Amino acid sequence: MAAEATTEAGSTPYLVIQNLTKKFGAFTALADISLDVFEREFVCFLGPSGCGKTTLLRAIAGLDIQTTGSINQAGRDISALPPAERDFGIVFQSYALFPNLTVNKNVAYGLENRKLPAAQIKSRVEELLALVGLTDQGIKYPAQLSGGQQQRVALARALAISPGLLLLDEPLSALDAKVRGHLRREIKDLQERLRVTTIMVTHDQEEALTMADRIVVMDQGVIEQIGTPKEIYGAPATAFVADFIGTMNFVPGTVEEGGTVKVGNVKLKCNTGGNAAGADITFAIRPEDINAIDFETGENVVDVEVTFMEFLGSFCRVNLGGDALGGQDLRADFSINLMRRKSMEVGSVLPVYFPPEFIRVYARS
């Protein structure tokens, strides 16, 4: 599956991956991957453990050369080049800082290898530490820093050589939730200011949704979908993507004539996804898209029973069931104000509306 031809980040592909396959013995870790990444774009590889996202990142870096396929960066074929001859900086989950070197020396490492003048190295290190908010930490050693500070040092070291491509391999997963949330905003802000093309591997959907210009959702060595966060969340192309991103209701059903599906004992108007009448399908809708405001009768309005309520602060997660749904329960998220307005409680029967534009239909294998 290939990416779109253009993106807001840039009009010309900066990184072009074509028909890339990676095998480890008889096991295929990546199967015929094709992808374009554009200049200044922030792309997230997202998927569960073992889906191939880190293997793809390592192939781009030259740390695990692909079995077949090609990789071009800025018009240059880098498919067979060793890592040292590729134009990238990388930040690992484990930081990979040199424990026996100070922060200053860690950041300066790549610059010293290029034998730049000492004054230029010193100036660049000071600039980068200021950029990541660690101006006064240069003489410390990694063990004297917090996890968040160590990750900032790793980021500064990766950026020191002004790479054309920044690779982030689950850079935040070792941090606690509060630090992770703060640092992801910092990284995204830094990427936008430096305008560096960035690829980040993550299994955290929240990271991908908040940081990425585009998300590449992967499973079992293939790309399931490529799109903006809104596209991935609002129009998941497959049941896997729908299930992996956010919360989704899945109910078995069948396609009826006239652009409707039958779910339980009701027929609902929607886009049937190209499935023919009589086909077994999976009906899907997100909890927040089920609407209980000011609908009494009409198309896609169904009387349901509240079978369970869970208070979650600003909203309630409610299970909806009853005869109309054929004994199936659907989750819905209703605001506290709506709950009060409807005097909703377990056992209440109320009409809810299923907006056709928010219903997804997937073929059922």
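A residue is called buried when its relative accessible area is under 20%, exposed when that area is over 50%, and partly exposed in between, as found with a 1.4 Å probe and protein chains only. The structure is a predicted model, in which local features need pLDDT of at least 70, side-chain atom pairs count only at pLDDT 80 or more, and totals for chains, interfaces and linings use all residues. Residues are numbered from 1 along each chain as its sequence is written, and side-chain values use heavy atoms, with hydrogens and water left out.

By these limits K122 counts as exposed, with 54% relative accessibility, and E126 as partly exposed, with 45%. The two residues form a salt bridge, their closest N and O atoms lying 2.6 Å apart; the term denotes a side-chain nitrogen of Lys or Arg within 4 Å of a carboxyl oxygen of Asp or Glu. Both belong to helix α3 (residues 118-131), where four residues, or about one helical turn, separate them. Helices (H or I, at least four residues) and strands (E, at least two) are DSSP runs numbered from the N terminus.

The count of salt bridges comes to 14. One of them joins the side chains of D64 and R58, with 2.9 Å from N to O. R58 is partly exposed, at 29% relative accessibility.

A further salt bridge links R180 with E207, the closest N and O atoms being 4.0 Å apart. Because R180 lies in helix α5 (residues 177-194) and E207 in helix α6 (residues 205-211), this pair ties together parts that are 27 residues apart in sequence. R180 and E207 are both buried.

A pocket is an open set of points on a 1 Å grid over the protein atoms alone, where a 1.4 Å probe fits and protein lies on both sides within 12 Å along at least five of seven lines; lining residues have an atom within 4 Å of a point. The largest pocket holds about 620 Å³ of space. Its lining comprises 23 residues, and F88, G89, I90, Y109 and I161 lie nearest the centre. Two or more lining residues come from each of β6 (88-91), α2 (103-113) and α4 (147-159), and α2 gives the largest share, five residues.

By class, this lining has 17 nonpolar, three polar and three charged residues. Here Ala, Val, Leu, Ile, Met, Phe, Trp, Tyr, Cys and Pro count as nonpolar, Asp, Glu, Lys and Arg as charged, and the others, Gly among them, as polar.

Definitions and conventions:
Points joined across faces, edges and corners; volume = space filled by probe spheres on them.
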